[in-house]
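Morning, everyone. Please have the sequence and the 3D view open. I'll keep this short.

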Amino acid sequence: MLAGLRPATTVTETTALDAPRHDWNEVFPEKVLSARQLNVGYENANEIWDVRTERGPYIVKIPRAVAGRPKHPFWYGLFKLFGLHVYVDIESLKPLADFIHARTPLRVPYVRRVDTSGEKIAKPYTIVERVRGEEAGLD
């Protein structure tokens with residue numbers, strides 16, 4: 001291990017009592033087998049779900065931030081100190097992923113759907129294929 005680097009935080013599941021409710025069968029055209037919210041152990045910019053369907057595993061990202069003043073003190077601090085906005089234009093994610101796939105050997109998830117309508121989930125969301133991560137060689 002490199003000096004000063006700690007092992008990655010373990011990703012834990014959010015308990016059913018804490019998890020927001022989403023009807024995943026409304027979101028996916030195929031049968032949903034399971035869905036669990038992932039918790040990385042700190043406040044992050046997305047509500048992240050591991051959803052398994054008959055067609056395979058997917059990750060659903062639902063941005064916590066919306067346009068305007070950030071609600072969480074950490075993100076609000078970044079906004080006030082540096083003018084940083086945590087709101088991500090999720091509609092730009094698919095063209096970006098397609099660009100990376102076409103021009104580089106990098107493994108990035110394919111974007112299956114971006115939905116900003118608010119019809120199936122109250123907030124905008126992105127569905128990406130679940131890809132297995134690889135540890136970067138930092139030698």
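**The core, then the fold**

Let's start inside. The largest nonpolar core has twelve residues: Trp-24, Val-27, Phe-28, Val-32, Trp-49, Val-51, Tyr-58, Val-60, Ile-62, Ile-121, Tyr-125 and Ile-127. One caution: this is a predicted model.

Which elements give two or more residues to this core? There are four to find: helix H1 (24-27), strand S3 (46-53), strand S4 (56-63) and strand S6 (125-129). Strand S4 gives the largest share, three residues.

Now pick out Tyr-125, a member of the largest core. What does Tyr-125 touch, leaving out residues up to four places away in sequence? The list is Val-27, Val-60, Lys-61, Ile-62, Ile-90, Arg-113, Val-114, Asp-115 and Lys-120.

Step back to the whole chain. We have three helices and six strands. Along the sequence, the order is β-α-β-β-β-α-α-β-β.

How much is buried? Of 139 residues, 27% count as buried. The protein exposes about 10000 Å². Carbon and sulfur atoms supply 55% of that area.

Last, the contacts. Take those with a separation of 6 or more: 47% of them join residues 24 or more positions apart.

Definitions and conventions
Residues are numbered from 1 along each chain as its sequence is written. This is a predicted model: local features need pLDDT of at least 70, side-chain atom pairs count only at pLDDT 80 or more; totals for chains, interfaces and linings use all residues. Side-chain values use heavy atoms; hydrogens and water are left out. Buried means under 20% relative accessible area, exposed over 50%, partly exposed in between (1.4 Å probe, protein chains only). Contact means heavy atoms within 4.5 Å. Accessible areas come from the Shrake-Rupley method with a 1.4 Å probe; for residues, only the protein chains shown count as cover. A nonpolar core is a set of buried Ala, Val, Leu, Ile, Met, Phe, Trp, Tyr and Cys residues joined through side-chain atoms within 4.5 Å.
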